[in-house]
Amino acid sequence: TFVYLGSRDSDRGNAARETILRDHPELADRLSVVALDVSSDASVQAARAAIGDVPLYGIVNNAGIGLGGEPMRRVLEVNTRGPRRVVEAFLPQLTAGGRIVNVSSASGPLFVSRCSVERRALLTDPDVTWEAIETLLQECLAIAEAGGSFAAAGLGDGGAYGLSKACLNAYTIALARQHPSLIINACTPGFIETDLTKPYREGKSGAEMGMKPPAEGTRASLHLLLDDPGGSGWYFGSDAQRSPLDRYRSPGAPPYAGPS
């Protein structure tokens, strides 16, 4: 494989590359850093130009924010619209049978579990469209910016992070239906010790909080990227087993076998 590592901060991206090469110098010719801010149309298009028209096997959308009190608009721009931006730019270069992996979160199904029956039906609809998802995003932004009640709108507590991931899972369904020649799925990495989860740690170590090291957070993504997941348009737990979209499934529990 040859990997393009997209990084919003080029310096941090290059530092990550050097860290990898210290342990695996043989990868020097197989790993390239590309500046990529998924919340910016201009940055995504610049990354597309930098990579050029090479055929691609897979896209892994891993950028995420939202546990540090960021405004809802910013969270949705990165976590939900960001993956769509990247896919729209690079999908024409994917080869037949290629993969798209949307790194989501268990916060998505937890969010859906607190929604009304009508909202749950939308976020798990096998025929959901991006237009319906975008309409929901706009409605949620209007509620948030007006100081309205998410509960009254059937949207639980309206948490921006959970909402963004529930909508990313729904987008995965729509995308897979539109592109049957590709294998497109979403997954949660698990509770991983990264910059994203720093707000939870409150001065404690990740181990003390029950978090796993970053390498363990790649299990589901690698399965969806390189193995046979058995389907497309699905959501997987951190143990690389299929999971429901509307409730939490613990790692190690029986895989979800419900309707697509």
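A: Let's start with E139, which is partly exposed at a relative accessible area of 29% (buried means under 20%, exposed over 50% and partly exposed in between, with a 1.4 Å probe and protein chains only). Keep in mind that this is a predicted model, in which local features need pLDDT of at least 70 and side-chain atom pairs count only at pLDDT 80 or more, while totals for chains, interfaces and linings use all residues. Residues are numbered from 1 along each chain as its sequence is written, and side-chain values use heavy atoms, leaving out hydrogens and water.

The partner of E139 is R119: they form a salt bridge whose closest N and O atoms are 2.6 Å apart (a side-chain nitrogen of Lys or Arg within 4 Å of a carboxyl oxygen of Asp or Glu). Since E139 lies in helix α7 and R119 in helix α6 (residues 117-123), the pair ties together parts that are 20 residues apart in sequence. Helices here are DSSP runs (H or I, at least four residues), as are strands (E, at least two), numbered from the N terminus. R119 is buried, with a relative accessible area of 14%.

Elsewhere, salt bridges that share partners join D41, E77, R81, R85 and E134 into one network. Within it, E77 pairs with R81, their closest N and O atoms being 3.0 Å apart, and both of these residues are buried. E77 also meets R85 in a salt bridge, at 2.3 Å from N to O; R85 is buried too, with a relative accessible area of 15%. The count of salt bridges comes to 11.

Now for the rings. The whole structure holds three aromatic pairs (rings of Phe, Tyr and Trp, using its six-membered ring, with centres within 6.5 Å; planes under 30 degrees apart are stacked, over 60 edge-to-face and the rest tilted). One of them is W130 with Y171, edge-to-face because the centres are 5.4 Å apart and the planes stand at 75°. W130 is in helix α7 (residues 130-146) and Y171 in helix α8, so this pair ties together parts 41 residues apart in sequence. W130 is buried at 9% relative accessible area, and Y171 is buried at 3%.

Another pair, W234 and F236, is tilted, with centres 6.3 Å apart and planes at 35°. Both W234 and F236 are buried. Charge returns here: the charged end of R242 sits over the ring of W234, 3.9 Å from its centre (NZ of Lys or CZ of Arg within 6 Å of the ring centre and within 35 degrees of the ring normal).
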